[in-house]
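Please examine the sequence and the model shown here before reading on.

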Amino acid sequence: MIVNCVHSSNESSSKSINETVNGSHHFTIRGYSLAKGMGPGKYISSDTFTVGGFDWAIYFYPDGKNIEDSSMYVSVFIALASEGTDVRALFELTLLDQSGKGKHKVHSHFDRALESGPYTLKYRGSMWGYKRFFRRMSLETSDYLKDDCLAMHCTVGVVRNRVEGPKLYSIPVPPSDMGQNLKNLLESEVGCDVTLQVGDESFKAHKLILAARSPVFRAQFFGLIGDPNKEIVELADIEPFVFKVMLQFIYSDHLRDLHEITGSTSVCTSTIMMQHLLAAADRYGLDRLKQLCEARLCEEVTADTVATTLSLAEQHHCSQLKAICLKFAATNLGVVMRSDGFRHLEQSCPSLLSELLETIASEDEKPSLISSKKRSGSSIFGLDLAADGAAAEAVNPNVRRLRRRV
């Protein structure tokens, strides 16, 4: 016998959500002594207030609600003052201490679980409260009564239930295009009010946008010694191509792929451009661009570029990039020392050599990381070091030679 089991993929879900809609009312009774003697069962009412679509009121009984409590206790109740059937609610009633000590008399159902759940008021006039709220003699000698005045605070939380099912319809919201709009503004030169002269090239831009993105431009245009009326600004120590990429980032908050911009697939060319861009980002206070450059340089670190990148990281205080370069150089020291960049590093940043030695020493304390076959097949830098196995094995002899030179 063959049994065909059909599993339906039509699954549905929903959830029931119970929550309270809260509202508060402050009720003050002035001339308390004049309210006494009304008789049991007679009350002073607050104005009505609305919570959760229903009207409510506070009833204060100066001579008690029941005849047996006459002149012994005051009673306080919260009443449903509008039409409603089986209205479920939580209540909090606070008699305010007017001495400033904050010792209020609080009756609350919000901060503790009720055995039977929220109270149910079945019709208009249904009430919740206390027949013996306070002994009247004690009340009249307490700090709750001041200048013949009582003050109380009431909070009502009406229970609501709603069912949420799956959302059958949705309206797609496109991603932000503000960067593209600003880039179009730059390219169209609409409203440009400053020309930036970089070498033999000039770039038109908007002072307000430059100032909003760069603290250097903000000080230059709107600082204490800035000149907001200057229409031509010359920028030195930056190449036109690098400035163009930086300017596009200022307007779009997007860093393009430099391989695409340069038209070259050479890692070395891309790294050099990224190094120049990082220096420019640091000079003009573009922290996000600087971090993006650090991330790109980290991805492109090689034995040929690590020394120059390490020098750059030291100069521009890129601590994460510096640490990564030190670890990479320590792991591939034999190859790195034969690079032109290493000779430049020795001359420009000799202090980094001692830090490199410290990194090598810390790596030497982990022999399993050097001798492991897994270590030679992969790297935390995402580079395949299997082809450089001989260089990796030659780490210790090179350390000795480096120590003698230093």
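## A salt bridge at the end of a helix

Arg 213 has a relative accessible area of 30% and is partly exposed, a class that runs between buried (under 20% relative accessible area) and exposed (over 50%), with a 1.4 Å probe and protein chains only. Asp 253, at 32%, is partly exposed as well. The side chains of Asp 253 and Arg 213 meet in a salt bridge with an N to O distance of 2.9 Å; the term requires a side-chain nitrogen of Lys or Arg within 4 Å of a carboxyl oxygen of Asp or Glu. Arg 213 belongs to helix α4 (residues 207-213), while Asp 253 sits in the loop between α6 (240-252) and α7 (258-262), so that the pair links distant parts of the chain, 40 residues apart.

The model is predicted: local features need pLDDT of at least 70 and side-chain atom pairs count only at pLDDT 80 or more, whereas totals for chains, interfaces and linings use all residues. Residues are numbered from 1 along each chain as its sequence is written, and side-chain values use heavy atoms, leaving out hydrogens and water.

The structure holds 14 salt bridges. One of them joins the side chains of Glu 164 and Lys 15, at 3.7 Å from N to O. Glu 164 is in strand β10 (residues 149-164) and Lys 15 in strand β1 (residues 15-30), so this pair ties together parts that are 149 residues apart in sequence. Helices (H or I, at least four residues) and strands (E, at least two) are DSSP runs, numbered from the N terminus.

Glu 164 is partly exposed at 31% relative accessibility, and Lys 15 is partly exposed at 48%. A network of salt bridges links Lys 15, Glu 19, Arg 162 and Glu 164.

## Helices α10 and α11

Helix α10 (residues 306-315) packs against helix α11 (residues 319-331) at an angle of about 150 degrees, with their axes 9 Å apart. The two helices are therefore roughly antiparallel, a term for angles over 145 degrees. Their contact (heavy atoms within 4.5 Å) includes Val 306 and Leu 310 of α10, and Lys 322 and Phe 328 of α11.

## From α11 to α14

Lys 322 also forms a salt bridge with Glu 355, their closest N and O atoms being 2.9 Å apart. Glu 355 lies in helix α14 (residues 351-364) and Lys 322 in helix α11, so the pair ties together parts 33 residues apart in sequence. Glu 355 is partly exposed at 26% relative accessibility, whereas Lys 322 is buried at 16%.

Note on methods:
Axes fitted to C-alpha atoms, helices over the stretch in contact; angles between N-to-C directions. Parallel < 35°, antiparallel > 145°, perpendicular 65-115°, else oblique.
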